[in-house]
Amino acid sequence: MDFVPEGWELWDSAELDFNEDRIPDYVGVLDIVLPYSGAGTDINLTPPRILFAIASEGPGQYRLDFQDINLIRTRSEGGVFGDPYVPLTAEGTSFETHAYGGSAWRWSEDNTYTYRKGTWWLTSSQDTYGYYEYTTSYSKNDWESGVGIRKKRSSEFSDMEEHWESEEDEYDVIYEVSLDDEL
């Protein structure tokens, strides 16, 4: 809690051991505490959320490892679903951010960040888009292997209705792309 500035709250956190010293480290998300918007007030704020990590430097001692205001969606970006935030997950030296939103047409985002040799890397990203539970576009980037997978199918209602109840996950086009950028 020593890393939470005044006027902010710890929105979410996950424990992991990213520096591999057998002492828990943490990633977390800070959200600003918004003032009460009672009758007659119109507060239209969409402040950023802060994603951060703290690393252990011995028992009970921590230092800020990183912070970023561009990696977590704000509370106003989820469409009719409201806040698109989905809790962090963590395992080993990696953590994942998640978001979900939209209306009848829905989207999701999942990003995996991994700590290696003192630096955080985006190692995997996955995005979906579709109508209700029917995914029309799927992409996954595995930055470690340098391969991206894309899956597409028609977004025409007549085509979707024809396959709506199908339990098979068939796509019109599935292909791989080379991810030329470095991690």
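Is Arg22 buried or exposed? Arg22 is exposed, with a relative accessible area of 80%. The close-up views below place this residue and others in a predicted model, in which local features need pLDDT of at least 70, side-chain atom pairs count only at pLDDT 80 or more, and totals for chains, interfaces and linings use all residues. Residues are numbered from 1 along each chain as its sequence is written, and side-chain values use heavy atoms, with hydrogens and water left out.

View 1. Arg22 lies in the loop between β1 and β2. Its phi is near 70°, a positive value in a residue other than glycine. Glu20 is not a glycine either, yet has a positive phi of about 55°. Most residues other than glycine have a negative phi. Glu20 is exposed, at 63% relative accessible area. Strands are DSSP runs of E with at least two residues, and helices are runs of H or I with at least four, numbered from the N terminus.

**View 2. An open sheet of four strands.** The strand order is β1-β2-β3-β4, and the pairing is antiparallel. β1 (8–16) and β4 (62–68) stand at the edges with a single partner strand each, so one side of each lacks a neighbour in the sheet. Neighbouring strands are turned by 25° against each other on average, direction ignored. Axes for such angles are lines fitted to C-alpha atoms, for helices over the stretch in contact, and angles run from 0 to 180 degrees between N-to-C directions. Strands of a sheet pair through backbone hydrogen bonds. Here two strands count as paired if DSSP finds at least two bridges between them.

**View 3. Strand pairs and facing residues within the sheet.** β1 and β2 run antiparallel and are joined by eight bridges. Within this part of the view, Glu9 stands opposite Asp31 in β2. Five bridges join β2 to β3, again antiparallel. Val27 stands opposite Ala53 in β3. β3 (residues 50–56) pairs with β4 in the antiparallel sense over six bridges. Ser56 faces Tyr62 in β4. β2 is mostly covered, with six of its eight residues buried.

**View 4. The largest nonpolar core.** This core has 16 residues. Those with the most contacts inside it are Phe18, Val27, Leu51, Leu88, Phe95 and Trp120. β1, β2, β3, β5 and β7 (105–116) each supply at least two residues of the core. β3 gives the largest share, three residues. A nonpolar core is a set of buried Ala, Val, Leu, Ile, Met, Phe, Trp, Tyr and Cys residues joined through side-chain atoms within 4.5 Å.

**View 5. A nonpolar patch on the surface.** Val80, Phe81, Val86 and Tyr100 form the patch, with about 340 Å² of accessible area together. Phe81 lies in the loop between β4 and β5 (85–91). Phe81 is partly exposed, at 38% relative accessible area. Patches are made of residues with over 30% relative accessible area and no salt bridge; like charges are joined within 9 Å, and nonpolar side chains (Val, Leu, Ile, Met, Phe, Trp, Tyr) within 5 Å. Areas come from the Shrake-Rupley method with a 1.4 Å probe, and for residues only the protein chains shown count as cover.

**View 6. Salt bridges.** A salt bridge is a side-chain nitrogen of Lys or Arg within 4 Å of a carboxyl oxygen of Asp or Glu. By this rule there are nine salt bridges. Arg63 and Asp65 meet in one of them (2.9 Å, N to O). Arg63 is partly exposed, at 31% relative accessibility. Arg73 pairs with Glu77, the closest N and O atoms being 3.3 Å apart. Both ends are partly exposed: Arg73 at 27%, Glu77 at 34%. Asp31, Arg49, Arg75 and Asp83 are linked in a network of salt bridges.

View 7. The side chains of Glu133 and Arg106 meet in a salt bridge (3.5 Å, N to O). Glu133 is exposed, with a relative accessible area of 68%. Arg106 counts as buried, at 15% relative accessibility.

Key. Buried < 20%, exposed > 50% of the residue type's maximum accessible area, 1.4 Å probe, protein only.
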